[in-house]
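Me: I've got a model open and I'd like to learn how to read it. Can you walk me through it, feature by feature?

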Amino acid sequence: MQQFSIHPRQPLVSFWRHRQLVFSLVRQEVLVRYRGSILGLLWSFFNPVFMLLVYTFVFSVVFQARWDQSVGGSKAEFALVLFAGLLLFNLLAECFTRAPSLILQNPSYVKRVVFPLEILPLVTFGSALFHTSISLLVLLVFSCFVFGLPPVTVLLFPLLLLPLSAIALAGGWLLSSLGVYLRDVAQVVSLLVTAWMFLTPIFYPVSIIPAEYQLWMQINPLSFLVDQARNLLLFGRSLNWSSYFWLTLASYVVAWLAFVWFQKTRRGFADVL
């Protein structure tokens with residue numbers, strides 16, 4: 001029997017080798033989304049602006065919501081804190097919900113022996129990251145009016161993309177592979193992503209969660225990333241370096257295991273499709 005082994009660096013090597021193809025596919029996917037619309041790519045800017053205005057009105061005017069004592073009393077602060085958490089969640093949610101149909105929607109790629117199917121989740125992540133970057137720009141502009149100039153810790157925000165990308169790719173490889181063999185995966189993922197949103201401290205601070213449920217929040221990697229994103233973008237607090245290191249390491253290990261699973265199961269894609 002032929003031995004099947006994959007070096008831990010192989011995902012990175014594959015991405016670097018096909019970087020031009022990845023960039024081209026990401027660019028194509030972003031442009032296709034807005035093709036035929038009058039405003040085109042401007043929609044990627046207006047959408048987050050509109051949603052931020054809605055959040056500001058609903059949570060500051062209708063519900064009179066406030067975050068906690070560490071944040072001041074401006075009406076728009078809750079909306080900005082909420083929006084900062086949604087930045088990361090929406091990125092992962094798009095990657096996860098699209099993953100089960102990635103291979104199913106591209107059967108022509110499966111039949112091309114030389115096409116690197118493993119880059120498809122990276123293309124999805126790149127497209128989602130583009131829209132997240134626009135939303136981040138909107139957040140920083142609005143925060144200037146609420147909190148003043150962004151803190152210098154904003155410069156550390158790109159570091160959060162390392163574990164975030166690993167989690168997104170792990171889900172992409174695993175779910176896209178399972179989606180070929182189990183067509184119900186897409187429906188299950190849609191339900192789980194919705195539950196994940198409410199089980200992540202996006203609409204509420206971790207401090208209000210009862211002590212007996214704190215462990216579950218620590219297991220959820222998005223809880224840490226959302227909390228750190230708010231600290232870096234809004235509150236001027238630095239990273240929790242120890243937790244960040246271990247989360248990044250664990251995320252890459254899980255991503256590598258998902259990559260191994262994908263490469264082993266891809267051999268049967270053509271037979272199923």
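Me: Let's start with burial. What share of the residues of the protein count as buried?
Reply: Keep in mind that this is a predicted model. Of its 273 residues, 48% count as buried.

Me: And the secondary structure: how many helices and how many strands are there?
Reply: You'll find 12 helices and zero strands. Reading along the sequence, you get α-α-α-α-α-α-α-α-α-α-α-α.

Me: How far apart in sequence are the residues that touch?
Reply: Take the contacts between residues at least 6 apart in sequence: 80% of them join residues at least 24 apart.

Me: Okay, how do I describe two helices that pack?
Reply: Two packed helices are described by the angle between their axes and the distance between those axes.

Me: Is the crossing of helix 4 and helix 8 left-handed or right-handed?
Reply: Right-handed, as helix 4 passes helix 8.

Me: Which residues meet there?
Reply: Helix 4 brings F89, L92, A93, F96 and T97, and helix 8 brings V189, V193, W196 and M197. Sorted by class, this contact has eight nonpolar residues, one polar and no charged ones.

Me: I see rings in that list. How should I read aromatic pairs?
Reply: Look at the distance between ring centres and the angle between the planes; planes under 30 degrees apart count as stacked, over 60 as edge-to-face and the rest as tilted. A search of the whole structure turns up 10 aromatic pairs. One of them is F96 with W196, at 5.5 Å centre to centre and 50° between the planes, a tilted pair. Since F96 sits in helix 4 and W196 in helix 8, the pair ties together parts that are 100 residues apart in sequence.

Me: Are F96 and W196 buried or exposed?
Reply: The cut-off for buried is under 20% relative accessible area. F96 is at 15% relative accessibility, so F96 counts as buried. W196, at 16%, counts as buried too.

Me: What does a stacked pair look like here?
Reply: Check F198 and F203: their centres are 5.8 Å apart, with 20° between the planes. F203 has 27% relative accessibility, so F203 counts as partly exposed.

Me: Which residues form an aromatic cluster?
Reply: F15, W173 and F259 form one.

Key: Residues are numbered from 1 along each chain as its sequence is written. This is a predicted model: local features need pLDDT of at least 70, side-chain atom pairs count only at pLDDT 80 or more; totals for chains, interfaces and linings use all residues. Side-chain values use heavy atoms; hydrogens and water are left out. A crossing is left-handed if the near helix is turned anticlockwise from the far one by less than a right angle, and right-handed if clockwise. Helices (H or I, at least four residues) and strands (E, at least two) are DSSP runs, numbered from the N terminus. Contact means heavy atoms within 4.5 Å. Ala, Val, Leu, Ile, Met, Phe, Trp, Tyr, Cys and Pro count as nonpolar, Asp, Glu, Lys and Arg as charged, and the others, Gly among them, as polar. Rings of Phe, Tyr and Trp (its six-membered ring) pair if their centres lie within 6.5 Å; planes under 30 degrees apart count as stacked, over 60 as edge-to-face and the rest as tilted. Buried means under 20% relative accessible area, exposed over 50%, partly exposed in between (1.4 Å probe, protein chains only).
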